[in-house]
Amino acid sequence: MTNRHEHDAARKCDEQAKLGVTLEVNLAMLVPKIKVPWERRGSALTRRDLYDVLSSTRYKDVAEKVYAISIPASFQESTPANSPSSDSSDPEVSIPTGALLRALEFGKILDKRVKVSIIGPDRVGKTSLGKSLRGEPFNPEEPSTDGVQMSLPVKNAGTEPWKNLDSHQHTTAFDHKCAEMIVKEKQATEQQPPSEAKKDDQEIDGEEEAPQVDTPVPVILGEDLIKSRSKEIAALMEDGGNGSEEVWPVIWDFAGQAVYHAIHPLFMSPEAIYLLVVDLTKELSDPAQSFVKVGGHEEERASSTESGNTKLDILTQWLTLVHYLKQSGGNSTVRSVILVGTKADMVEGDPCDKMKSFVENISETVPEVLLKHIAVADENFVVDNSKADTLSDQKSQPIVKLRDFILKTAKEMPHTKEPIPLQWLSAELKVQEKVRQNEPYVPKSKFRRDIAEKCCTRSEDDDVEGLLCFLSARGAVIYHALPDDPDGLVVLDPKWLIETINKIITARPSWTYPLEYKRRYDRLKNTGILCNELIDFACKKLNIVEIKNNLILIMKEFHLIFEWKSKNADLIYFVPCMLSQNTEANLNTGPTPLCLSFSETGYLPCGFFPRLVVRFGEWASEKCSARQPNLRSDVALFFVGEKFSVRLVRHSSLIKVSFSSEDASDQVDEDKFRVKILRRLKKCVKKLRIECLWLRAIPFKLYARCELCPTTGDETCKRHRKQECSHDDCADYIDLETKPLVCKRKGCRLPPHLKEKYIPWIEAIDALYPKEKTVTALLKHIAVTDENFVVDNSKADTLSDQKSQPIVKLRDFILKTAKEMPHTKEPIPLQWLSAELKVQEKVRQNEPYVPKSKFRRDIAEKCCTRSEDDDVEGLLCFLSARGAVIYHALPDDPDGLVVLDPKWLIETINKIITARPSWTYPLEYKRRYDRLKNTGILCNELIDFAFAVKDGVPDKKVLDDLAGEIRVEWKNLGRRLLNYDEATLEAIDVEKKQCHEKAYKMLLAWKMAEGSNATYCVLCDALCDAKLKDLAEKFCLSCHDSCAN
């Protein structure tokens, strides 16, 4: 075993080797830009040196490119595929690239902390389920949760109750990693031969060094920090110092009341596991009713925004929120929603049967795009929270199985496989210490002095900003201040902030208040108006007067409030998310409204409507501050200018937008105002997509209700389970952005007198997106040349060597344009190009496709230095992106098809789906091909016919070609064709020397023995049985002959 110094030297050499190719490629690309002589600086440059050199010049953007190598995916700064164009900055947390890479250089650890978020309707037992997971006793008088409650991370959790040992209660991943490293170092030292240990002691001249293993983290972070944690680290070392790589679940309990739905998405993450809880004592079709229980009081019914919805609607809304979160956060393929049934002790009959019927109901009614997020377990989870704490150590108990399933799912989450800086975890440790000292927030300058400077090797502005963004992304702090604001607020305790905001904006405060405040709280409850007096009163009660303005800023950033000047010029705030009263007025009067529809899932995302109201309120306050808006939980009425008003009406699946004018005779002004509404609507949605993570991938369309289809007719609506349903959520709609105007569900065409109702909105849409702008946007892609290219193809070959000829000029212009393409300046792996050569060889050998396992064996392992799963997947994605192969299989499917010849695939597909096949076919298929031509219907019989096995007996040429492909597998196939006649196979093996000849001799023996029974069908079955399915398709199917010919 090498000593410590040899280990460090080997590690540095390995790092330089890994860095060498990257640096050389990047410098070769960057030197022309930065004018740094390669001969003078290149050999001495490290990635850090290069970054520092470039950062001090005007080429800082180039420096970021160099430092962007190997950044964990979850921390890369990128624009979502579905987000709007980047004409405005993204306020979401993004970690500065340079700061992250610098921090990673001083040690890293895998992020094993996983949020376990418990979600669902109110009063279904979510809090009790969290207690059951922790093994805590059941409380039959459990009060309703306010906002969000979170628990401490459970270190190295298993199937036993999720409780920390006393010695682990206040430890962090930093302590565990340090203990693990020290224990490993001690074990390595004890295993050294005495001579090496003695030599090692002489080398360090009696000086004691801090222990090092994989990274020099303890030395770099400083002895003071290690000593300050010596007690915790020593306790962990007694336990062996192992287990820092296990999952650390953190339970988040989300309140079910609808008034909190606007706050919930702020603290939800695409990297969390969600336990969606259902009450087994209720039916999914039951109306959604909200109940609240305050400690010491009976459960009472509360007003709710969910009136008219069912229990199933509420569950689907939660699934919709998770769907958009995962879509916005990278669209992870891990199924992270786990259905859990509670109150099993109160169910009449078998609760497992009840849960099974719930799951079947959900699978039949919930949109398929949402079902893909629900995890599939061997059995449904049905929990009796009243007994879970007493039986939580028995392996057969549902709560134990649930813990085990959560941990297995957590280990599949992508972020648990990505490294994070170890020294930034020590900062998280300091944050927790501040919280325990009852210091829930600090200004940024104090955060830098008390935390960043003590924990990080560098505390420059960029590094402090990177640390804050990292902690904010992990949910350890909340930080929304500007980078150059030293007094910006850093909230160290998110739980405290949630509780504080709830106490400020709620209409039912937990404290007593003087009688003069009653009217103000009643007005907040009924109209959503939060006056400054209530804010001041709450801040005094909470003793946070000094940060009042910071909290208002945070609530604005969270889109919870918007400000308005009253008639007396007093500043007031509206809180749309706290309204719980629905309107009962008839809202279907006036002109045909515009509908903002979310047809992908059929439900509005949680918190979208109140945030849209906030955005519209900010716009309306600029246009007319004299008349206050009229708000309800489902309706918002804004007065704009002197004579217009805009109404937004919320439904489960859409938002209706309408307006009215005091002067109905002024048609010109109305048309202009329609365009203003559309422009504001688009801008609001665009800003919300940028500013809210869970709304980035949200799709929407502009519709109007079809007046030809007032009800669902004889069809039973899925939401309300009734025929002739006229509810807006169940109606038919017309897409106003496509022509012609057709009902999207029934396809009915509108008569002229009904089209007139939609024409004003259509004209407004056309005015907002004029065709001239579209044409201009298209023209920018056309290259500009000195002259137009006019080619005479009939003479181009004879004149192609004359420089004045158009074809020669065209070639030259194409090559000049090609040199400007960005991808031609980007490096690609040389060994992957050799794989592309192998692919071409396979195609020339008439092998247009292979299973992934064979691709790995015949191509990846021969061309790449490493052929692990991730490397093979990377090679396939690279070749697929270049168009060299076509690959769409799942990463864990070894039999997934890899098409080596895209041209062959195109021809094959064309011949399968064409109504004029190149092969002859029996008369009975003529009608089917005619139907394909006239209606586009491709029946299974035609597909089967295209893939049908050839008739008859293969000739000697076919057998010879097949023998050349079988090679070493000839004996495996021969056993199946010759009925396991080992004597014949051994004789052939001795007689012939080459595999080709052996295989051909075996096939001939089979043909002679079976005669007319040696058919293509028998050969195809034997090839498939011998796991040579690709050869079976190649030599035995009819369509292969047609494509080959």
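Q: How many helices and strands does the protein have, and what makes a stretch count as one of them?
A: The protein has 40 helices and 26 strands, where helices (H or I, at least four residues) and strands (E, at least two) are DSSP runs, numbered from the N terminus. The model is predicted, so that local features need pLDDT of at least 70 and side-chain atom pairs count only at pLDDT 80 or more, while totals for chains, interfaces and linings use all residues. Residues are numbered from 1 along each chain as its sequence is written, and side-chain values use heavy atoms, with hydrogens and water left out.

Q: What makes Val850 count as buried?
A: Val850, which lies in strand β24 (residues 849–851), has 1% relative accessibility, and buried means under 20% relative accessible area, exposed over 50%, and partly exposed in between (1.4 Å probe, protein chains only). Val850 therefore counts as buried, and buried residues make up 48% of the 1045 residues in the protein.

Q: Which residues does Val850 touch, and what makes these pairs contacts?
A: Not counting residues up to four places away in sequence, Val850 touches Phe855, Gly896, Leu897, Val898 and Leu900, since contact means heavy atoms within 4.5 Å. The C-alpha atoms of Val850 and Leu1028, which are 178 residues apart along the chain, are separated by 9.9 Å.

Q: Why is Lys971 called buried?
A: Lys971 has a relative accessible area of 18%, and the residue is therefore classed as buried. Lys971 has its place in helix α35 (residues 970–977), and, leaving aside neighbours within four places in sequence, it is in contact with Leu985, Glu986 and Asp989.

Q: Is Leu830 buried or exposed, and of which surface patch is it a part?
A: Leu830, in helix α28 (residues 830–844), counts as exposed because its relative accessibility is 70%. Together with Ile828 and Leu833, Leu830 makes a nonpolar surface patch of about 280 Å². Accessible areas come from the Shrake-Rupley method with a 1.4 Å probe, and for residues only the protein chains shown count as cover.

Q: How do you know what span to expect of helix α30?
A: The expected span is 1.5 Å times one less than the number of residues, and α30 (residues 869–881), with 13 residues, reaches 18 Å from its first C-alpha to its last, close to the 18 Å expected. In α30 the residues Val872, Glu873, Leu875, Leu876, Phe878 and Leu879 are buried, and the buried residues of this helix pack against α28, α29 (852–863), β25 (886–887) and β26 (897–899). Just after α30, Gly883 takes a positive phi of about 80 degrees.

Q: What makes β18 and β23 edge strands?
A: An open sheet of 7 strands has the order β18-β19-β20-β21-β17-β22-β23, with antiparallel pairing. Within this sheet β18 (630–631) and β23 (733–735) each have a single partner strand, so one side of each is left without a neighbour and they stand at the edges. Strand β22 (residues 701–705) pairs with β23 over 3 bridges in the antiparallel sense, where two strands pair if DSSP finds at least two bridges between them. One of these links joins Tyr703 to its bridge partner Asp735 in β23.

How values were computed. Patch = residues over 30% accessible without salt bridge, like charges linked within 9 Å, V, L, I, M, F, W, Y side chains within 5 Å. Salt bridge = Lys/Arg side-chain N within 4 Å of Asp/Glu carboxyl O.
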